[in-house]
Amino acid sequence: MKKIITVQNLLSKGESSTLKHLQRRLFLRQSLTLGALSLLSGCQITEQKDVDQILHAMSAWNDRVQGWLFDPRKLAPEYPESAITHPFPFNAFYDEDEVPVIDEADYRLELAGLIQDKKPWALPELYALPQVSQITRHVCVEGWSAIGKWSGTPFGAFLKRVGADTSAKFVGFKCDDDYYTSIDMATALHPQTLLTFRYADQILPAKYGFPMKLRVPTKLGFKNPKHIRAIFVTNEYPGGYWEDQGYNWFSGS
Ligand SMILES: Nc1nc2c(c(=O)[nH]1)N[C@H]1C(S)=C(S)[C@@H](COP(=O)(O)O)O[C@H]1N2
Ligand SMILES: [Mo]
């Protein structure tokens, strides 16, 4: 698909108020390309009316999402045990039978970039860090959400402990399945951002990201890397697997 329609182009076609509204609701702070919209919606888009139809459908869903991700106090809502979704969905860019198998004894978390203490971490050392639990909603851009319970260590405290430069712009993640993503430092230091090792009080199952998943309840699901192998701190924009294909990088509050 060669033709690129940006929201700005659409605005100039007289759709202004609706599209401006939708753009805000869809947290598309940068430009929206047809390719990105096809990815988000899973539809082939050939005409202006397809664009409008998809934006409207996405907007209805996003109205609900906004309430879950954005809170006046800037905290994601937390839920009681009774609200947990059973079974919790699996999602990745591949099928469940291709989930990486990671050996617990060999595993080391690597640290790189603007971090003073780059000593790799074995799992027992990570499990010995202070742990907290959180029941929050995971919101996937594909149009589903689910509530789950994750436990782990506050990520900001971990970054400080290893001497990360917390004035740097980005924290990047490299995963065992070749997935990668990155978040802004403010989100990395957010009190609800956790480096989690457990799901539903059990060691994180392979499908949910063994040995660890970064839980970022203020952001969309694709900003929550599973199977993290390396964490790096940088001032150079690291992008991400979906972000590099057109998904909005910030995707949250
Ligand atoms: N390593 C890795 N992390 C990932 C993904 C992935 O494909 N690989 N998919 C992301 C997306 S789009 C979602 S919705 C969640 C799904 O997490 P779950 O399987 O625990 O529901 O993981 C996110 N983190
Ligand atoms: Mo997702």
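A residue counts as near a molecule if one of its heavy atoms lies within 4 Å of it. With that in mind, let us walk through this predicted model, in which local features need pLDDT of at least 70, side-chain atom pairs count only at pLDDT 80 or more, and totals for chains, interfaces and linings use all residues. Residues are numbered from 1 along each chain as its sequence is written, chains are lettered from A and ligands numbered from 1 in the order in which they are written, and side-chain values use heavy atoms, leaving out hydrogens and water.

Start at ligand 1, which is surrounded by 21 residues. The closest are Pro89, Asn91, Asp177, Asn224 and Lys226. Sorted by class, this shell holds 12 nonpolar, five polar and four charged residues; here Ala, Val, Leu, Ile, Met, Phe, Trp, Tyr, Cys and Pro are nonpolar, Asp, Glu, Lys and Arg are charged, and the others, Gly among them, are polar.

A backbone N or O atom of Pro89 is 2.7 Å from an oxygen atom of ligand 1, and one of Asn91 is 2.9 Å from a ligand oxygen. For Phe93, the distance from a polar backbone atom to an oxygen atom of ligand 1 is 3.1 Å. On its own, ligand 1 exposes 540 Å², of which the protein buries 99% (Shrake-Rupley method, 1.4 Å probe).

Finally, turn to the cysteines. Cys140 is buried at 7% relative accessible area, and Cys175 is also buried at 7%, where buried means under 20% with a 1.4 Å probe and protein chains only.

Notes. A polar contact is a pair of N or O atoms within 3.5 Å; within protein, one must be able to donate a hydrogen and the other to accept it, and residues adjacent in sequence count only if both atoms are side-chain atoms. Buried means under 20% relative accessible area, exposed over 50%, partly exposed in between (1.4 Å probe, protein chains only).
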